[in-house]
Amino acid sequence: MKFVLAKIHSEPFIGLLHGEKIIDLNKAEQEIFEITSFPRSLLECVTLGEKFVQDVIQIVDKIKNADGHEGYVYSFSDVKIQAPIPRPTKNIFCVGKNYREHAIEMGSEEDIPKHLMMFSKAPTSVIGHEDEIDPHLHITSELDYEGELAVVIGKKGKQIKEEEAMNYVFGYTILNDITARNLQSQHKQFLIGKSLDTSCPMGPYLVHKSAIKDPYDLSIKTKVNNEVRQDGHTKDMIFTIENIISTLSQGTTLEPGDIIATGTPAGVGKGFTPPKFLKPGDVVEIEVEDIGILRNKIMG
């Protein structure tokens, strides 16, 4: 199941990808069951957990046997897709240097971490699929991309054991950890250089975990103007999703809708000689297997 938060005629709705179309779940429920119970945000849907998923399954089963459903099915050209969770309730949790070759391209083998390295991005940095990225030319000429698989937490937990960690996952999405490298170096930490407005493109879908057979069997590709820059694979993560969730939760309560970016493979702009930083007009596409393609243009 691939869920979207979208707008039609400026009105938000929760949608489900159905072939090449998007089902408006509230309108479908109204037509099929004569009720409207779905919230207006995916964050609220995630909080409902299994009840939300089961309600969606009921609707999909009915649609398979229904004749004509033009009233609640839209084409992509009809809607504007938003970030799945446009304003997270917390900073986005981000894993640093979780791929060996990326750690090396950012320094050397000595930079490969022995323990989980975490930083965060401000909620105000989030934008959606096809939204434009502000290059912030007044403060940086070293804007970079980082294509990542992101995990969305589905239920509240603390001191979670690794063997139980996947029970706390609702699903997955794509995240572009846009970074101002000069600010990252200048301030000797990650928050400022990674929390610029529009520096966290996310989406286009929130894919329920039941639709991902193995989160460690997914390719990650990043293209800039159709040039492949990153060509990685989730099997190469240093720290597993289970380890990340367990480590984070030992002293921090994880809650529904919390987002964890699991790190980026090698091939970021800073890793090239000379560096290939983003410029106004560049188009960045991140494709994660079984999830989709997140596309954004640099403003200007």
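Predicted model: local features only at pLDDT ≥ 70, side-chain atom pairs only at ≥ 80, totals over all residues.
Let me begin with an open sheet. Five strands make up this sheet, in the order β9-β19-β18-β15-β16, and their pairing is mixed. Which strands stand at the edges? They are β9, residues 132-133, and β16, residues 227-233; each has a single partner strand, so one side of each is left without a neighbour in the sheet. For β9, the strand joined to it is β19, residues 292-298; two bridges link the two strands, which run parallel. Within this pairing, E132 is found opposite K297 of β19.

T140 lies in the loop between β9 and β10, the latter spanning residues 143-144. Is T140 buried or exposed? Its relative accessibility is 4%, and because the limit for a buried residue is under 20%, T140 counts as buried. Setting aside neighbours within four places in sequence, the residues in contact with T140 are P135, A180 and N182. With N182 there is also a polar contact between the two side chains, at 2.6 Å. As a further point of orientation, T140 and P265 are 125 residues apart along the chain, and 23 Å separates their C-alpha atoms.

A helix deserves attention here. Helix α7, residues 241-249, is mostly covered, with eight of its nine residues buried. Those buried residues are I241, E242, N243, I244, I245, S246, L248 and S249. What do they pack against? Their partners are the strands β6 (92-95), β7 (118-121), β11 (147-153), β12 (169-176) and β17 (259-261).

The largest pocket has a volume of about 240 Å³. It is lined by 17 residues, of which K97, M106, R181, Q184 and F190 are the closest to its centre. Which helix gives the largest share of this lining? Helix α5, residues 181-186, does so, with three residues. By residue type, the lining of the largest pocket divides into seven charged, six polar and four nonpolar residues.

I close with some details of the backbone, starting with two cis peptide bonds. One runs from G203 to P204, with omega near -5 degrees. P204 has its place in strand β14, residues 200-208. Another cis peptide bond joins T273 and P274, where omega is about -5 degrees. P274, for its part, is in the loop between β17 and β18, the latter covering residues 283-288.

For S10, phi is near 70 degrees. S10 is placed in the loop between β1 (2-8) and β2 (11-18). Its relative accessibility is 61%, so S10 counts as exposed. For E34, which is likewise not a glycine, phi is positive at about 60 degrees. E34 is located in the loop between α1 (25-33) and α2 (42-48). At 63% relative accessibility, E34 counts as exposed.

Note on methods
Residues numbered from 1 in each chain as written. Heavy atoms only, no water. Pairing = 2+ DSSP bridges. Helix = DSSP H or I, 4+ residues; strand = E, 2+ residues; numbered from the N terminus. Buried < 20%, exposed > 50% of the residue type's maximum accessible area, 1.4 Å probe, protein only. Contact = heavy atoms within 4.5 Å. Polar contact = N/O pair within 3.5 Å; in protein donor to acceptor, adjacent residues only side chain to side chain. 1 Å grid on protein atoms, 1.4 Å probe; cavity = no way out; pocket = protein on both sides within 12 Å on 5 of 7 lines; lining within 4 Å. Points joined across faces, edges and corners; volume = space filled by probe spheres on them. Nonpolar A, V, L, I, M, F, W, Y, C, P; charged D, E, K, R; others polar.
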